[in-house]
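Thank you all for coming.

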Amino acid sequence: MKNDNIKNQYRVNEQIRVREVRIVSDGGSMVVPTRQALDMAREQGVDLVEISPNANPPVCRLIDYSKFLYQQKRRAKELKAKQAKVEVKEIRFGPQTDEHDYQFKLKHAKEFLDDGNKVRAYVFFRGRSILFKEQGEVLLLRFANDLEEVGKVEHMPSLEGKKMFIYIAPKKTGAVKKSQQAIDREKKALSAKEDQVSNTEEESEIPVNGGLLANAKISSEALKKLKSKE
């Protein structure tokens, strides 16, 4: 069925009933009457295949139709295989993630995104560390912010049991930049989360120096940097 769809997608030889066509080849292109193009195809022992019917005039190629269909099917198969290779790579953080470990995992995440894979990052909370889920959210937001040049957030941080996840997809080349309104919303959300982290730090008796609270402070510096660019 799929092969029939590809075959019926193109007009060939006498099915092409416009007055003139543009013939393209490796050497360039030229506009000729359709009757002349058909004569050229017969002289070369090939077919006149219309590849772009909406152009003015329609674009055609002089090529064996069977060979042309084979090329189209192979390209479609390669594209499908390439799309199927997209994987979801996991990055795990702990409640006490230090800066060196953070940078190491950030580097790997950038490599995954550059390769066209998605990234699922999460913070795993053990025991009483679940009290610091706000810090975990700040860490994941910082992670997404540090990856904004190569990735885009598909799903904001969410807690599932003892794990808080964030999903980041590779950013397509030439993607539209964020609007100022979207940037302002992100700054406001990050600022609110940092305020919660600050309050939790004052009230908590569990030592987390060098871990998520350090990341929260770095996120605050990142926020200031964003504001300085305005």
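Taking a salt bridge to be a side-chain nitrogen of Lys or Arg within 4 Å of a carboxyl oxygen of Asp or Glu, the count here comes to nine salt bridges. Before I go through some of them, please keep in mind that this is a predicted model, in which local features need pLDDT of at least 70 and side-chain atom pairs count only at pLDDT 80 or more, while totals for chains, interfaces and linings use all residues. Residues are numbered from 1 along each chain as its sequence is written, and side-chain values use heavy atoms, with hydrogens and water left out.

Let me begin with E14 and R42, whose side chains meet in a salt bridge at 3.7 Å, N to O. This pair links distant parts of the chain, since E14 sits in the loop between α1 (2–7) and β1 (20–25) and R42 in helix α2 (residues 34–44), 28 residues apart; helices (H or I, at least four residues) and strands (E, at least two) are DSSP runs, numbered from the N terminus. R42 also forms a salt bridge with D39, where the closest N and O atoms are 2.5 Å apart, and here both residues lie in helix α2, three residues apart, about one turn of the helix. Together, E14, D39 and R42 are linked in a network of salt bridges.

How exposed are these residues? If buried means under 20% relative accessible area, exposed over 50%, and partly exposed in between, with a 1.4 Å probe and protein chains only, then E14 is partly exposed at 47%, R42 is partly exposed at 49%, and D39 is partly exposed at 31%.

Staying with α2, its buried residues are T34, A37, L38, M40 and A41. Seen down the helix axis, they fall within an arc of 160°, so they line one face of the helix, the arc being that of the directions from the helix axis to the C-beta atoms. These buried residues pack against β1, β2 (28–33), β3 (47–52) and β4 (59–63), where contact means heavy atoms within 4.5 Å. After α2 comes G45, whose phi is positive, near 70°.

A further salt bridge joins R142 and E99 at 3.0 Å, N to O. Because R142 lies in helix α5 (residues 133–146) and E99 in helix α4 (residues 99–114), the pair ties together parts that are 43 residues apart in sequence. R142 is buried, at 5% relative accessibility, whereas E99 is partly exposed, at 32%.

Turning to the rings, the structure holds six aromatic pairs, counted when the ring centres of Phe, Tyr and Trp (its six-membered ring) lie within 6.5 Å, with planes under 30 degrees apart called stacked, over 60 edge-to-face and the rest tilted. One of them is Y10 with F68, edge-to-face, at 4.9 Å centre to centre and 85° between the planes. Y10 lies in the loop between α1 and β1 and F68 in helix α3 (residues 65–84), so the pair ties together parts that are 58 residues apart in sequence. Both Y10 and F68 are buried.

Finally, ring pairs link F93, Y102 and F143 into a cluster, and the charged end of R142 sits over the ring of Y102, 3.7 Å from its centre; the criterion is NZ of Lys or CZ of Arg within 6 Å of the ring centre and within 35 degrees of the ring normal.
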